[in-house]
Amino acid sequence: MSDDFTLLPDLAVRTLGGAVLWANDESFAERENLIRPQAATYSPATFGHKGQVYDGWETRRRRGENGDHPAGDDHDSAIIRLGVPGVIKGVVVDTAWFKGNYPPEVSVEAIAVEGHPSTEELVAAEGWTTIVERAKVNGDSKNPFAVDSPKRWTHVRLRMFPDGGVARLRVHGIAKPDLAWLESGPFDLAAIENGGLVADCSNIFFSHPQNILMPGRAASMGDGWETARGRDKSVNDWVLVQLAAEGVVTAAEIDTSYFLFNAPGAGALTGIRADGSEVELLPRTRLQPDTRHRFLIDAAEAVVRVRFDAYPDGGMARLRLFGTLTDEARAQLRNELENELA
């Protein structure tokens, strides 16, 4: 894949467990819309008691005593809890369909708070760090901002200057979950919520491959990864998964649910060691449509990446790679966490 940060998972999306915990105002449209997984939609002339219905977060027009913005109160803000803590590589402030009512400027802050803080504690917290400086945005467009910070964050705060509407906030990055959770026993080494991600793939046409690592069962075919129809019989489609850390894979689930006429005819799993060498985890095996396939993996080698080969093409809903971390991986993750907290 390219260096485009938007190819990384959205750590704030609702389907990963993200939540909009607080907003100082949501007079026209609810704050929860900010992290919906679907693209924002718009139906003209759909008026409610508060005006045109918008698929986003929209605040009132700010007014002071003289009709201007009151001093010391020049913005609206919302706090979002990430679905899983992580290193943020970039954010997208999407103002889709907000044409005459978008905020002229925005900024984004982040904070790392362990446990389950209350809304009041987050609003009053003093550790907020600016990761996107106050910047101009355009209406009815996706406004991307790269983030240059190696730190692990748990929450973000979006500020709009002075008011207006934002359709979606996407927070792209790499998940860094609680190490104690990863050390508690076998887990899905590929899951985004555990720190896995799709590092590369052969084709992104109908839907994004990061979907196959999302929590829970797929809701529809569109909630998985589907490639274009391959016409070159000499090649096949594939997806490369970066594991949460080096680990030994002991079981796999290849789920083709909802893919009735476009599932791969067969699939294979290949592990890639830290030195780049390969080990066969699952030989080329026939797959069925609309089926959760479960396989025990009889390979003791530790790997850092796993490639799924689809023969010849098609789509799948989810990929699970269960296993345990190596001692070296645990030590490395513990050292990274200690440096972040130092």
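Student: Which residue stands opposite F295 in β18?
Tutor: A252 stands opposite F295, which belongs to β18. Strands here are DSSP runs of E with at least two residues, and helices are runs of H or I with at least four, numbered from the N terminus. This is a predicted model in which local features need pLDDT of at least 70 and side-chain atom pairs count only at pLDDT 80 or more, whereas totals for chains, interfaces and linings use all residues. Residues are numbered from 1 along each chain as its sequence is written, and side-chain values use heavy atoms, with hydrogens and water left out.

Student: How many bridges join β15 to β18, and which way do the strands run?
Tutor: Five bridges join β15 (residues 237–255) to β18, and the two strands run antiparallel. Strands count as paired if DSSP finds at least two bridges between them.

Student: Which side chains of β18 point to the buried face?
Tutor: Along β18 (residues 292–296) the side chains alternate, with H293 and F295 pointing to one face and buried. Buried means under 20% relative accessible area, exposed means over 50%, and partly exposed lies in between (1.4 Å probe, protein chains only).

Student: What does R294 form a salt bridge with?
Tutor: R294 forms a salt bridge with E253, and the closest N and O atoms are 3.0 Å apart. A salt bridge is a side-chain nitrogen of Lys or Arg within 4 Å of a carboxyl oxygen of Asp or Glu. R294 lies in strand β18 and E253 in strand β15, so the pair ties together parts that are 41 residues apart in sequence.

Student: And are R294 and E253 buried or exposed?
Tutor: R294 is exposed, with a relative accessible area of 60%. E253 is buried, at 6%.

Student: What else is there in β15?
Tutor: D255 lies in β15 and counts as buried because its relative accessibility is 1%. The side chain of D255 makes a polar contact with the side chain of S257 at 2.6 Å. A polar contact is a pair of N or O atoms within 3.5 Å; within protein, one must be able to donate a hydrogen and the other to accept it, and residues adjacent in sequence count only if both atoms are side-chain atoms. Q242 is also in β15, and it is partly exposed at 24% relative accessibility. The C-alpha atoms of Q242 and L197 are separated by 5.3 Å, although these residues are 45 residues apart along the chain.

Student: Back to salt bridges: how many are there?
Tutor: The count comes to 19 salt bridges. One of them joins the side chains of E336 and K176, at 3.7 Å from N to O. That pair links distant parts of the chain, 160 residues apart: E336 is in helix α3 (residues 327–341), and K176 is in the loop between β11 and α2 (179–182). Both residues are partly exposed, E336 with a relative accessible area of 25% and K176 at 24%.

Student: Which residues do shared partners join into one network?
Tutor: Salt bridges that share partners join E26, R31 and E32 into one network. The side chains of E32 and R31 meet at 3.8 Å, N to O. E32 is partly exposed at 41% relative accessibility, while R31 is buried at 17%.

Student: New topic. What is the volume of the largest pocket?
Tutor: The largest pocket has a volume of about 850 Å³. Of the 27 residues that line it, D10, V13, P37, R170 and N211 are the closest to its centre. The elements giving two or more residues to this lining are β5 (76–94), β8 (142–146) and β11 (168–175).

Student: How is a pocket defined here?
Tutor: On a 1 Å grid over the protein atoms alone, a cavity is a set of points where a 1.4 Å probe fits but cannot get out, and a pocket is an open set with protein on both sides within 12 Å along at least five of seven lines; lining residues have an atom within 4 Å of a point. Grid points are joined across faces, edges and corners, and a volume is the space filled by probe spheres set on the points.

Student: What about the second largest pocket?
Tutor: Its volume is about 550 Å³. It is lined by 19 residues, and R81, G83, P85, G115 and H116 lie nearest its centre. The largest share of this lining, five residues, comes from β5.
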